[in-house]
Amino acid sequence: EIPTLVRPLYDSDPDVREWVIKQHRRNRDLKRLAYTDERTGLRNFRAFEEDAAEEREKCEASGSCFGILVLDIDGMKLLNDTYGHFVVDDSLRQLGDALRNLTRGGQQRRSAKNRVDYDKRKGDRRSGYGDERDEAYRIGGDELAILLRGMKVGDSEQLSQRARYLQETVAQVPVLAADGSVGAYLSVSVG
């Protein structure tokens, strides 16, 4: 949005318009970099802190609830020592893709038609996962978090189902050996 004081200059001078557009793009890119984990493509700890605080404020005002699942990748040091950081980084990218596909990050990138097709291919298990407003974050080296919006007091069974589904999804992410074969699969502890 162009500030009112700058609007006449923006409208009349193509060079100013081009400069403003470039600055807008740079600012958008800087914000994306500031809130995104480069290895997984997930939102980072800074974004998690801000989103969780905002969700807490909403919940206090409305009386609703939210949840947080913390995922810890099992044996990350051993995986790095065995297969190398580049290989594990590739697995982290795949993990980020998988978590985005389960949460809002993936929903924003798919059209409604593609979302239905995705659900059908998975035997509609996705629809049992939870709320499309959920968001995935990498909050540390081997720690991830899922912010669960739209929870209700007493939703412990739903929370358990989401945790199990996350573990099943992560267990499908391979760590490839040097020869390209699957050396291991990622696993996570969820709390």
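A: Let us begin with helix span: the expected span of a helix is 1.5 Å times one less than its number of residues. This is a predicted model, and in it helix 2, residues 14-34, has 21 residues and reaches 30 Å from its first C-alpha to its last, close to the 30 Å expected.

Q: What reaches the backbone nitrogen of Asp15 at the start of helix 2?
A: A side-chain oxygen of Asp13 does, coming to within 2.9 Å of that backbone nitrogen.

Q: How many helices and strands does the protein chain have, and in which order do the elements run from the N terminus on?
A: The protein chain has eight helices and six strands, and from the N terminus on the elements run α-α-α-β-α-α-α-α-β-β-α-β-β-β. Of its 191 residues, 35% count as buried.

Q: How is a pair of aromatic rings described, and how many aromatic pairs does a search of the whole structure find?
A: A pair of aromatic rings is described by the distance of the centres and the angle of the planes. Here the search of the whole structure finds two aromatic pairs. One of them is formed by Phe48 and Tyr137, which is edge-to-face, with 5.2 Å centre to centre and 70 degrees between the planes. This pair links distant parts of the chain, since Phe48 belongs to helix 3 (residues 45-62) and Tyr137 to strand 2 (residues 135-138), 89 residues apart. Phe45, Phe48 and Tyr137 together form one aromatic cluster.

Q: Why does Phe48 count as buried?
A: Buried means under 20% relative accessible area, and Phe48 counts as buried because its relative accessible area is 10%.

Q: Which arginines lie over a tyrosine ring?
A: Arg17 lies over the face of Tyr10, at 5.8 Å from the ring centre. The charged end of Arg46 sits over the ring of Tyr35, 6.0 Å from its centre.

Q: How many residues does the largest nonpolar core have, and which of them have the most contacts inside it?
A: The largest nonpolar core has 25 residues, and those with the most contacts inside it are Leu71, Ile73, Leu95, Leu99, Ile146 and Leu186. Strand 1 (65-73), helix 4 (76-83), helix 5 (85-102), strand 3 (143-151) and helix 8 (156-170) each supply at least two residues of this core, and helix 5 gives the most, with six residues.

Q: Are Cys59 and Cys65 buried or partly exposed?
A: Cys59 counts as buried, at 8% relative accessibility, whereas Cys65 is partly exposed, with a relative accessible area of 22%.

Definitions and conventions: Residues are numbered from 1 along each chain as its sequence is written. This is a predicted model: local features need pLDDT of at least 70, side-chain atom pairs count only at pLDDT 80 or more; totals for chains, interfaces and linings use all residues. Side-chain values use heavy atoms; hydrogens and water are left out. Helices (H or I, at least four residues) and strands (E, at least two) are DSSP runs, numbered from the N terminus. A polar contact is a pair of N or O atoms within 3.5 Å; within protein, one must be able to donate a hydrogen and the other to accept it, and residues adjacent in sequence count only if both atoms are side-chain atoms. Rings of Phe, Tyr and Trp (its six-membered ring) pair if their centres lie within 6.5 Å; planes under 30 degrees apart count as stacked, over 60 as edge-to-face and the rest as tilted. A charge sits over a ring if NZ of Lys or CZ of Arg is within 6 Å of the ring centre and within 35 degrees of the ring normal. A nonpolar core is a set of buried Ala, Val, Leu, Ile, Met, Phe, Trp, Tyr and Cys residues joined through side-chain atoms within 4.5 Å. Buried means under 20% relative accessible area, exposed over 50%, partly exposed in between (1.4 Å probe, protein chains only).
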